[in-house]
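Biologist: Could you take me through this structure, with the cut-offs behind each term?

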Amino acid sequence: MRATTLMAGTVTVLVAGFLITPTIISILAGLSESYARGPREGLTLAWVMEVCDLYADTIMRSILVALATLAITLIIGVPAAYALVRRGGRLARIIEEFVTLPVAIPGLALALALIIAYGGSGDLRGSTAFIVIGHVLYTLPFMLRAVIAVLAAINWQALDEGAASLGASSWQRFVDVIVPNARPGILAGALTVVTLSIGEFNLTWMLHTPLTKTLPVGLADSYASMRLEIASAYTLVFLIMIMPLLLAMQFIAHAADRRASP
Amino acid sequence: MKLAARAFPRRPEPPPMTRTRFDILLLAPLTAFAAAFLLLPLAELVLVAGRGRSGLAAYAAIVTEARYLRSLLSTVALASATTVATLAIATVAAQFLASRRFAGRNLLVSMLTFPLAFPGVVVGFMVILLGGRLGLIGGASEALTGERIVFAYSMTGLFVGYVYFSIPRVILTVIAAVEKLDPALVEAARSLGAGPFAIQCDVVLPALTPALFAAGALCFATAMGAFGTAFTLAARIEVLPMVIYTEFTLAANMASAAALSLALGLLTWIVLTVARSLSGSAVAAAG
């Protein structure tokens, strides 16, 4: 048994090393004067500054797209999750299944469908809104699922009926009772949506135009055509953007665990 | 309960019509968005695929045309290999990490899950840093043997990238499943004289099957449709998403691109749906 534990431990450490090593190389390369000569020759922020100069627009656009995507998934997703839970039954399940399709269908196929349907209308095709549409399509199921999961866990029926017996209208119950009680799910969904949107490439590569590049599109450009230090510094900027989101997600998950098993 | 209801009559329920009307109001934004940007585009995709030069035969082209069939088969092989490798690694690592508390455990779990939010393009760059022309492994192998090992720009590089991409997405599911495992079962098997290999095959793996199925289906479907990693590594790797991209951009062959997209989408959807009905739990996805 000792031998198998030792083996399993070795595999685990090696795999963790396999995941972390290239990330560390990338971070060091982005901060080194020269990749070939290594970080000991001197560290610098010059590459990061250059990335901020070259790609500031892609960074800003990605933040903008993520926030717009979040706003729309909230407006569409939260009321819809409540309605789907309230109604139940086969129709609700079919609707949920249908809008969850973009999780199963590759982004490339979805993007192609959007381009065929709306590629002719030049204003939309060339705008950042086109990218936002794609991102909403892809992230909406995650918002729906997060809110539905919380509603299923908190006994919304009792809250809803309680508020109704006190004379609250349907709309008041939704805004003043359901939404505040669903807040943990909404928050978890929101973090997922923003993280996915900032990193989305499959759809965005097809939907973007030279004037509407996002951060991952810029990354792909820099990997193909820029020196390794710049590509690495750009990757570092991306990591700095998503790390707080990931940490927040983990924090929420841990908090939920602790609440579930006191 | 009935008595109480009679003693304290509740306010009359609102008539069913207003309830339904309110549900419709709540669902209106979702319905409008899904109709305009999901239903309509997918319908047009189906139409365009059937309207090409070869008509409805475009749908069959994925198995009748040698180049498409080859790319389909290599994509399925790559996705299967990725799934098997990822599940094997995750099962071993999860059993080491689950229900064990030691210094550095949280660090290990964080290291195994932090690439969760890396898009495919970034994973491709990580593979280049490991096995590319200037990569770490090439440098090490040149120093040791004088020969520079470069694997990033091939199917091997793609496989390494997909495993890199999949491990963080699979490992948490498997750890959770291992933690639900009843340790008494393993203990009983051991006291009956079963060796570690027999315990794995007869006790642990059967108990983990539903979780492995769900996680594996997700891993397979994601690998089938992934595009960013292949795009970063090389345009010459003929996996299905790259073929679709080439048909669309270089050949401007919209009908073939549409038909291949539909075939790919249908395939991944079927895999996920079957896995979900078999494993009985919701398959969560990302990527």
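Biologist: How many helices and strands does chain B have?

Modeller: This is a predicted model, in which local features need pLDDT of at least 70, side-chain atom pairs count only at pLDDT 80 or more, and totals for chains, interfaces and linings use all residues. Residues are numbered from 1 along each chain as its sequence is written, while chains are lettered from A and ligands numbered from 1 in the order in which they are written. Helices (H or I, at least four residues) and strands (E, at least two) are DSSP runs, numbered from the N terminus. Read along its sequence, chain B follows the pattern α-α-α-α-α-α-α-α-α-α-α-α-α, and the count is 13 helices and 0 strands.

Biologist: What percentage of the residues in chain B is buried?

Modeller: A residue is buried if 20 or more other C-beta atoms, placed from the backbone, lie within 10 Å of its own. Of the 287 residues in chain B, the buried share is 45%.

Biologist: Which helix of chain A supplies the largest share of the side that touches chain B?

Modeller: Two residues are in contact if their C-beta atoms, placed from the backbone, lie within 7 Å, and by that criterion 62 residues of chain A are in contact with 66 residues of chain B. The helices of chain A that each supply at least two residues of this side include helix 2 (46-87) and helix 12 (228-260). The largest share, 14 residues, comes from helix 1 of chain A.

Note on methods
A residue is buried if 20 or more other C-beta atoms lie within 10 Å of its own, exposed if 12 or fewer, and partly exposed in between; C-beta atoms are placed from the backbone.
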